[in-house]
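Take a look at the structure below. Keep it in view as you read, and find each residue as it is named.

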Amino acid sequence: MNFGDRLRILIDERGITQKELASQLNIAPSTVSSYVQNTREPDFTTLKSLAIYFSVSIDYLLGCRTNKASSRQEDELLRVFRSLTAEQKEVCIEQCKVFVRLNQKAKSS
């Protein structure tokens, strides 16, 4: 997945249009469109603004893998988790613990 794909996903998840994003970041709508279409890349300042706006890391936007996660799925899970409210994070953790217990029961059967 490349920068434009990641940006498109973030825009969709936020439930906004490319035009709304452009307005929020004070850039031309055609510029956002070219980012999503992978025909242009943002400068450092815009990249930083996008990361702040979507509450993601610049590494995530650029597709750089960190050594903290062992897969793209773990990176995605961390990104989604960070976007939750404190209460939602607690619920998410408890639900994940249920999955772990179910897996442990299945292994011991």
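First, some ground rules. This is a predicted model, in which local features need pLDDT of at least 70 and side-chain atom pairs count only at pLDDT 80 or more, while totals for chains, interfaces and linings use all residues. Residues are numbered from 1 along each chain as its sequence is written, and side-chain values use heavy atoms, with hydrogens and water left out.

Start with the fold. The protein has seven helices and zero strands. Along the sequence, the pattern reads α-α-α-α-α-α-α. Helices here are DSSP runs of H or I with at least four residues, strands are runs of E with at least two, and both are numbered from the N terminus.

Now the overall form. The C-alpha atoms fill a box of roughly 60 × 25 × 20 Å, taken along the principal axes. The radius of gyration is 17 Å, whereas a compact globule of 109 residues would have one near 13 Å. That radius is taken over C-alpha atoms, and the globule rule is 2.2 Å times the number of residues to the power 0.38.

How much of the protein is buried? Buried residues make up 26% of the 109 residues. Buried means under 20% relative accessible area, exposed means over 50%, and partly exposed lies in between (1.4 Å probe, protein chains only). The protein exposes about 7,800 Å², and carbon and sulfur atoms supply 52% of this area. Accessible areas come from the Shrake-Rupley method with a 1.4 Å probe; for residues, only the protein chains shown count as cover.

Go inside next. In soluble globular proteins, nonpolar side chains tend to be buried together. A nonpolar core is a set of buried Ala, Val, Leu, Ile, Met, Phe, Trp, Tyr and Cys residues joined through side-chain atoms within 4.5 Å. The largest one here has 19 residues. Those with the most contacts inside it are Phe3, Leu7, Ile11, Leu21, Leu50, Phe54 and Leu61. The elements giving two or more residues to this core are α1 (3-14), α2 (18-25), α3 (29-36), α4 (44-54) and α5 (58-62). Helix α4 supplies the largest share, five residues.

Pick out Leu61. Setting aside residues up to four places away in sequence, Leu61 touches Phe3, Arg6, Leu10, Leu47, Leu50, Ala51 and Val56. A contact means heavy atoms within 4.5 Å. Thr46 sits in helix α4. Thr46 is buried, because its relative accessible area is 12%. Beyond its neighbours within four places in sequence, Thr46 is in contact with Ile27 and Tyr35.

Val98, Phe99 and Leu102 make a nonpolar patch of about 290 Å². Patches are made of residues with over 30% relative accessible area and no salt bridge; like charges are joined within 9 Å, and nonpolar side chains (Val, Leu, Ile, Met, Phe, Trp, Tyr) within 5 Å. Phe99 belongs to helix α7 (residues 86-108). Phe99 counts as exposed because its relative accessibility is 54%.

Two loop residues deserve a look. Asn26 lies in the loop between α2 and α3. Asn26 has a positive phi of about 60°, although it is not a glycine. Its relative accessible area is 71%, so Asn26 is exposed. Ser55 lies in the loop between α4 and α5. Ser55 is not a glycine either, yet has a positive phi of about 55°.

Last come the charges. Side chains of opposite charge can pair when their charged atoms come close. A salt bridge is a side-chain nitrogen of Lys or Arg within 4 Å of a carboxyl oxygen of Asp or Glu. The whole structure has four of them.

Arg79 and Glu76 meet at 2.7 Å, N to O. Both lie in helix α6, three residues apart, so about one helical turn separates them. Arg79 is buried, because its relative accessibility is 8%.
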